[in-house]
Amino acid sequence: MLNEKEIKEIEKEIGQYPYPAAASIDALKIVQKHHGWVSDESVDDLARLLGMSSEELDSVATFYTRIYRKPVGRNVILLCDSISCMIMGYETLYDYISKKLGIAFGETTGDGRYTLLPISCLGDCDHSPAMMVNDNHYNDLTTEEVDKLLESYK
Amino acid sequence: MYRALREMSPSDITGLIKSSNLLGRGGAGFPTGVKWSLMPVEKDKVKQNYLVCNADEMEPGTFKDRYLLEGNPHQLIAGMIVASYAVQASRAFIFIRWAYTKAEKILSKAITEAYEEGYLGKNILGTGFDLDLYIHTSAGRYICGEETALLNSLEGKRAMPRTKPPFPAVSGLFGQPTVVNNVETLSWISHIAEKGADWFKGLSLTETGGTKLFGVSGRVKKPGLWELPLGITIRELLDEYAGGMAEGYHFRGLLPGGASTDFLVEEHLDTKMDFSTVAAAGSRMGTGTMIILDDRTCPVAFVHNIEKFFALESCGWCTPCREGLPWVEKMLWSIEEGTGRMTYLDLLESLAAYMGPGHTFCAHAPGAAEPLQSALKYFYDDFVKHINDKKCPWK
């Protein structure tokens, strides 16, 4: 069930567009902000609110990489694996994080603390290698810095 | 901006932008004034014109719009007000990439400020012109940067490129006349409206008007971003601004304007950075943000990384892109792993042609073909060495 706060936020987004279905991406993001991911139940509820079929909304949800249709950890690590970061050695960071947390790309730690995902170019190429944890960017990374900053996400 | 809205007609402004020869800064270099002149601006109660700012910067190696969004949001907003007036759009969107969290916050604050000061909303500065400006934050996918895919995404759909024609100026957002311009392009508009076309033209060293944001990433001493006149040479950018190659690394080649541009090598270093001159050298200026290939990075791994990106980011609509890119990616991977065969090289060349212009709805696959075809041209021996030695010489 969508809660009142979510519905209110979604209705505000709907106001930007000529018809409710146009706000589908914003609506999915609002649900994800509140729950961390978008469940099948949420897709059904949202579809009804937006005047779409669940299948149509799911086709949108599954197209976009930043809509999670499976649960993720409390903190999502997005490690850039695009070209500038490859040149500057993201693979070393990947090996380090993967070993430290015991997870590969696409996996979540057993305690639900971290999910590790690859991400395309973050636009930090002049300060690569780069990554994001949740909404925060980190640049010019070394394994020591990665170690320290990961600890700060509980 | 005030003068533009008060003293100039919409067609005066479009004429001015046309005569300034401002070419779109998003990568394609299409004349902005020409794009605007396709918009119907006569009073029509049925039509709702839209202006959309493309801030979905996601081309690998590209980081120029982020600096503009974070550094000077009001310059963009002022440009969008004048541009909206020129194309008679009373609603405008900024389509911003989800990863630009800092830029989004700054922009959103700036929009609130602009509303408070009467620069947005009803009857802007008493001129009778109305404009509402909204931010849409994306949910990922590189293809959203393609202007018609972006429009589908703004409509809450999957970001599939549309057939052209009809062009967005005829049927764009929600079927209404729409102009889509890049952040850097729109950031110029209020300056050109204030200072004129000749001033703008005088800023560049070539026929094309203006300065451009140029960036360099990779193993150079000082990776970064600079605003410089169009027409500056690649050598000057690399040596004087980026400080030359980093200690212990040698130059082998570069992509002049993001991942979807052809490689240039040593012999091209005196090429002037402008749309026509880079094209004459066999590549594209694209976004103007270069990626440097050094001698300690494997060119096959470099191209594999790029093709993997394009394969993952394909929307899956057209066959050459959906089927061709994963095939290319797998062959490059096996060459890199030492299990490739010589026959792959001809196949890669023919696939690069098959994915090229004219076979797909949008420029995604043709863009992916550019670094591939030019890598085969300039680094052919490296591909062959991988195949003959059955391993990557860099590993």
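Modeller: Domain bounds, with which I begin, come from an automatic or database domain assignment. On that basis chain B is divided into domain 1 (2-201), domain 2 (211-294) and domain 3 (299-389). This is a predicted model, in which local features need pLDDT of at least 70 and side-chain atom pairs count only at pLDDT 80 or more, whereas totals for chains, interfaces and linings use all residues. Residues are numbered from 1 along each chain as its sequence is written, while chains are lettered from A and ligands numbered from 1 in the order in which they are written.

I shall look closely at the sheet in chain B and at what packs on it. In chain B, 4 strands form an open sheet in the order 3-2-1-4, with parallel pairing. Strands (E, at least two residues) and helices (H or I, at least four) are DSSP runs numbered from the N terminus, and two strands pair if DSSP finds at least two bridges between them. Strand 3 (132-137) and strand 4 (178-182) of chain B each have a single partner strand and stand at the edges, so one side of each is left without a neighbour in the sheet. From one strand to the next, the twist averages 20° (axes are lines fitted to C-alpha atoms, for helices over the stretch in contact, and angles run from 0 to 180 degrees between N-to-C directions).

One pairing may be followed residue by residue. Strand 2 (residues 91-96) of chain B runs parallel to strand 3 of chain B, and 6 bridges join them. Phe95(B) stands opposite His136(B), which belongs to strand 3 of chain B.

Two helices deserve attention here. Helix 7 (residues 147-154) of chain B packs on the sheet and touches strand 1, strand 2, strand 3 and strand 4 of chain B, with its direction at about 110° to that of strand 1 of chain B. Helix 5 of chain B also lies across strand 1 (50-55), strand 2, strand 3 and strand 4 of chain B, and runs at about 150° to strand 1 of chain B.

The largest nonpolar core has 163 residues, of which Leu79(A), Val52(B), Cys53(B), Met80(B) and Val82(B) touch the most other members. Such a core is a set of buried Ala, Val, Leu, Ile, Met, Phe, Trp, Tyr and Cys residues joined through C-beta atoms within 7 Å (buried: 20 or more other C-beta atoms within 10 Å of its own; exposed: 12 or fewer; partly exposed: in between; C-beta atoms placed from the backbone). Helix 5 (residues 73-86) of chain B gives the most to this core, namely 9 residues. Beyond its neighbours within four places in sequence, Met80(B) is in contact (C-beta atoms, placed from the backbone, within 7 Å) with Leu51(B), Cys53(B), Ala92(B), Leu133(B) and Leu186(B).

Finally, the surroundings. The C-alpha centres of domain 1 and domain 2 of chain B lie 28 Å apart. Their contact takes 12 residues from domain 1 of chain B and 17 residues from domain 2 of chain B. On the side of domain 1 of chain B that touches domain 2 of chain B, the residues divide into 4 nonpolar, 4 polar and 4 charged (Ala, Val, Leu, Ile, Met, Phe, Trp, Tyr, Cys and Pro count as nonpolar, Asp, Glu, Lys and Arg as charged, and the others, Gly among them, as polar). Between the chains, 38 residues of chain B are in contact with 31 residues of chain A. The side of chain A that touches chain B has 17 nonpolar, 9 polar and 5 charged residues.
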